[in-house]
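Colleague: Please walk me through this structure and show me how to read its features as we go.

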Amino acid sequence: RVPESIKSLLEGKTVIAFLDGDRGGELNLKKLMQIVKVDYVAWAPKGKEVEELKPEEIFKALENKTPVSVKEEKEPEELKIYRQQIDEINGSLDALLLDKEDNVLYRIPVSELVEKLRELPKGSVDKIIFDGIVTDRLVKEALEKEVSLIIGNRIGELKRRFKGVKIVPFGQKIRYEC
């Protein structure tokens with residue numbers, strides 16, 4: 001929780017939010033931005049908490065801080081278009097499978113996503129929006145079914161580059177176009 005007293009303390013100052021490099025850091029940024037005007041964001045390395053960092057990691061993160069305005073401007077168009085669906089599944093561990101006209105065909109648990117894709121005919125699913133991690137296994141299956149867009153909470157360590165599908169994370173700062 002961000003105390004309301006922070007607002008008066010930071011009034012008129014340049015604010016740098018220094019956050020953990022995980023999903024919690026993203027959530028904390030959203031909460032903080034509801035209370036104070038944040039000018040810059042610095043991130044701990046992926047998977048690390050700020051309090052675990054060595055001094056050189058702290059300095060590097062602060063050097064690489066990004067203006068919040070740049071972060072907002074660079075939001076991928078897909079996140080704007082599918083914001084309602086993303087908000088609907090965020091935190092649910094569910095997946096939405098959409099057709100080419102953006103109609104929701106199925107809402108299923110993320111744990112059943114790959115198996116469900118295997119069952120469906122090629123070309124029936126065009127987009128996947130889910131509260132989970134994009135993996136090699138999921139992307140491979142999505143490509144076989146001619147899925148054009150995957151929006152997931154995060155992108156895992158993909159072992160290879162995939163051509164033919166766009167992958168957009170909604171819970172982390174970077175976007176991959178494959």
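**Contacts and core**

Colleague: Which residues is L117 in contact with, leaving aside its neighbours within four places in sequence?

Modeller: L117 is in contact with L97, V125, I128, L138, E141, A142, K145 and V147, where contact means heavy atoms within 4.5 Å. This is a predicted model, in which local features need pLDDT of at least 70 and side-chain atom pairs count only at pLDDT 80 or more, while totals for chains, interfaces and linings use all residues. Residues are numbered from 1 along each chain as its sequence is written, and side-chain values use heavy atoms, with hydrogens and water left out.

Colleague: Which members of the largest nonpolar core touch the most other members?

Modeller: A nonpolar core is a set of buried Ala, Val, Leu, Ile, Met, Phe, Trp, Tyr and Cys residues joined through side-chain atoms within 4.5 Å. Buried is under 20% relative accessible area, exposed over 50% and partly exposed in between (1.4 Å probe, protein chains only). Here the largest core has 20 residues, and L97, L113, L117, I128, F130, L138 and I150 touch the most other members. Two or more residues each come from strand 4 (94-98), helix 7 (113-119), strand 6 (127-134), helix 8 (136-144) and strand 7 (149-155). Helices (H or I, at least four residues) and strands (E, at least two) are DSSP runs, numbered from the N terminus.

Colleague: Which residues of helix 8 are buried, and what covers them?

Modeller: D136, L138, V139, E141 and A142 are the buried residues of helix 8. Their cover includes helix 7, strand 6, strand 7 and strand 8 (166-169). Just after helix 8 comes E146, with a positive phi of about 65 degrees.

Colleague: Where is G132, and is it buried or exposed?

Modeller: G132 sits in strand 6 and is buried, at a relative accessible area of 12%. Apart from neighbours within four places in sequence, G132 is in contact with G152, N153 and R154.

Colleague: What is the order of strands in the open sheet of three strands?

Modeller: Strands of a sheet pair through backbone hydrogen bonds, either parallel or antiparallel. Pairing is called when DSSP finds at least two bridges between two strands. In this sheet the order is 1-2-3, with mixed pairing. Strand 1 (16-19) and strand 3 (66-67) are the edge strands, each pairing on one side only. Strand 1 and strand 2 run parallel and are joined by four bridges, and A42 in strand 2 is the bridge partner of F18. Strand 2 (residues 40-43) and strand 3 run antiparallel, with two bridges; there V41 stands opposite T66.

Colleague: Which helices pack on the sheet?

Modeller: Helix 2 (residues 23-35) touches strand 1 and strand 2, its direction making about 155 degrees with that of strand 1. Helix 3 (residues 55-63) also packs on the sheet, touching strand 1 and strand 2, at about 135 degrees to the direction of strand 1. Axes are lines fitted to C-alpha atoms, for helices over the stretch in contact, and angles run from 0 to 180 degrees between N-to-C directions.

Colleague: How many cavities of 30 Å³ or more does a search of the whole structure find?

Modeller: Rolling a probe the size of a water molecule over the atoms shows where empty space is left. On a 1 Å grid over the protein atoms alone, a cavity is a set of points where a 1.4 Å probe fits but cannot get out; a pocket is an open set with protein on both sides within 12 Å along at least five of seven lines, and lining residues have an atom within 4 Å of a point. Grid points are joined across faces, edges and corners, and a volume is the space filled by probe spheres set on the points. The search finds one such cavity, and the largest cavity holds about 50 Å³. Its lining is R23, E26, L27, K30, N90, N153, F170 and G171, with the largest share, four residues, from helix 2.

Colleague: What lines the second largest pocket?

Modeller: That pocket holds about 160 Å³ and is lined by V110, S111, L113, V114, E115, F130, I133, T135, R137 and L138. Helix 7 gives the most, three residues.
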